[in-house]
Amino acid sequence: MIENDTIKRILYVDLSRRRFWVEEDEDLFKSYLGGAGVAIQLLHKECPKGIDPFSPDNPAIFTVGQFNAIFPIASKMVAMFKSPLTGNLGESHGGGRSAIAMRMAGYGALVIKGKSETPVYIAIHDDDVHFRDASVLWGMSSSYTVGRIIREQEPGSGIRTIMRIGRAGEQLVSYACLITETYRHFGRMGLGAVLGSKKVKAIVISGKRSFKFKDQKLYRQTYKEIFKSLVESPLMKKYHELGTSMNINPLNERKVLPTKNLKDNHFDLADEISGEAFAVNYLGRRVACSHCPVSCIHIAALREPYESEPYFYKTNMISYDYELIYSLGSMLGVGSSRGLLKLMDEVEIQGLDAISTGVALAWATEMKERGYLSEKETFGLNLKWGDYENYIKAIKLIVEQPNDFFRFLAKGVIQASSKYGGTEFALAFGGNEMPGYHTGPIAYVGFITGARHSHLDSAGYSFDQKFKAAGKNLVPQEIANSLIAEEKWRQILSSLVICFFARKVYTPEIVSKAYLVLEYDLVYDDLLKIGEKILKSKYDFKTREGFRFDELKIPHRIFELETLFGKISKDVVKRSIKKFKDEIENL
């Protein structure tokens, strides 16, 4: 660890008593690096067993890693908490300026505990911590407006992060997100609702610390090598040009794009909502997270005419990514790019996770289509594929929760289907709504077994494509081994905390070399042992909170459609889960 590195400092904030203090734990950051590694240790320590996710005792933990603010594209922050969506481990990663701001403010971790009696936002500027009155912001209809007001009130322009929840977080929607710098999010697992339960509207962080390295020459050489790899890599070029939305057409052509609640694997209107179509017709600008040379964040400019004034328009700037286009587009049968942008905008305004929102609405639409729901449940809405105007109304109703149906839908598709039926086509895994990959069995084994039940856990969708390209057979032990090996290494990347887009640039050799700058001597085997420890810690927490591999439910819908490997074999999926479980238990 470099001399006087402040990453060892953990800032505790107790909302109930309006107190804060700093504890130092250098050994914790040496043993677990930071990010996900430190966060899961703090969660074990600070989160009481069996606690209600909305209890004041459920901590909201934010951590950064030792590479943040030092090496390029180490631009993410990790949040951990007990998830109100799954009732188990909640882990979400966010970008923007959040990680760099916290690192420069001089903290490796922020632990928020307790509950405020009145709405507050927490302002952290270097060593100063303030509890600001947020009563006027609470209930505000748009998260955009909240951000604008805080920008005008707080110092640190250009170096601060402003993270805030929307109305969805206030209303405890189980998949409410935390928005950072408008265009980035801690999207998954309901962090926004956890903060809403604590009456925290926003968190502002800024700092002006700097670093001094013992070997400046080695630092410059290493930085330059990583930077060059990033800007010259064809893998990163795709993220810069079209962004993740470039996935729409290739996945659609291969017939693995989830469409209309996965009743289909191909969307006839995919061209209209492809990355290419958005780039040609709407791309307004690209932005990047701090310390990232890639600029993968694509922002659409949507011009909307004023009804009462001809030739006068307002322009909404709306970020788009593959997962949003899948979940609010093909999954809902929305083929209008303008309509899709309006849906994305409403999700942003309310502060919801786009994936969970789209999958929940897709389930509700099929329920309506089958006649399992009437307009009494849907509050008069005739939900039907492609009708984005009704979906915008439905999003508002998820937040407002005017009746039992929307109260259940606000808890996620598993809770809603357990009440109203349709569990066989309620597309969630471990309680978390599915991401946009119907590539084959390995993707689903990854969704089911992963610590976050997300494609960000173990890249199963990528293994489907690799196995197919290599002509490999689907051998359960090999599937489990591939996912576990990826999981172990991802623990290192998410502890540093490096964007997963750069996982092929940050090879073990590069990570080891970069660690020499920080005065560590860690080779690949050392790193893997740390990754294994972190992974085991996550499953220990999950088991402690009731997670059981043997009790996982798989929606039947995934077995009905062709994938890259034809229809998925239940036997392969079940045996792969068993092998994965055995490997985890042997860690």
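**Charges.** I began with charge and found 79 positive and 71 negative side chains in the protein, with the centres of the two sets 0 Å apart. I counted Lys and Arg as positive and Asp and Glu as negative, leaving out His and the chain ends. I placed each charge at NZ of Lys, CZ of Arg, CG of Asp or CD of Glu.

**Ground rules.** This is a predicted model, so I noted that local features need pLDDT of at least 70 and side-chain atom pairs count only at pLDDT 80 or more, while totals for chains, interfaces and linings use all residues. Residues are numbered from 1 along each chain as its sequence is written, and side-chain values use heavy atoms, without hydrogens and water.

**Whole protein.** I looked up the secondary structure and got 23 helices and 19 strands (DSSP runs, H or I of at least four residues for helices, E of at least two for strands, numbered from the N terminus). Next I checked the extent: the C-alpha trace spans about 65 × 60 × 50 Å along its principal axes. Burial came out at 63% of the 587 residues (buried is under 20% relative accessible area, with a 1.4 Å probe and protein chains only).

**Helix H12.** I then turned to H12, residues 337-350, and read a reach of 20 Å from first C-alpha to last, close to the 20 Å expected at 1.5 Å a residue (that is 1.5 Å times one less than the number of residues). Among the buried ones I listed Asp345, Glu346 and Glu348.

Definitions and conventions. Buried means under 20% relative accessible area, exposed over 50%, partly exposed in between (1.4 Å probe, protein chains only).
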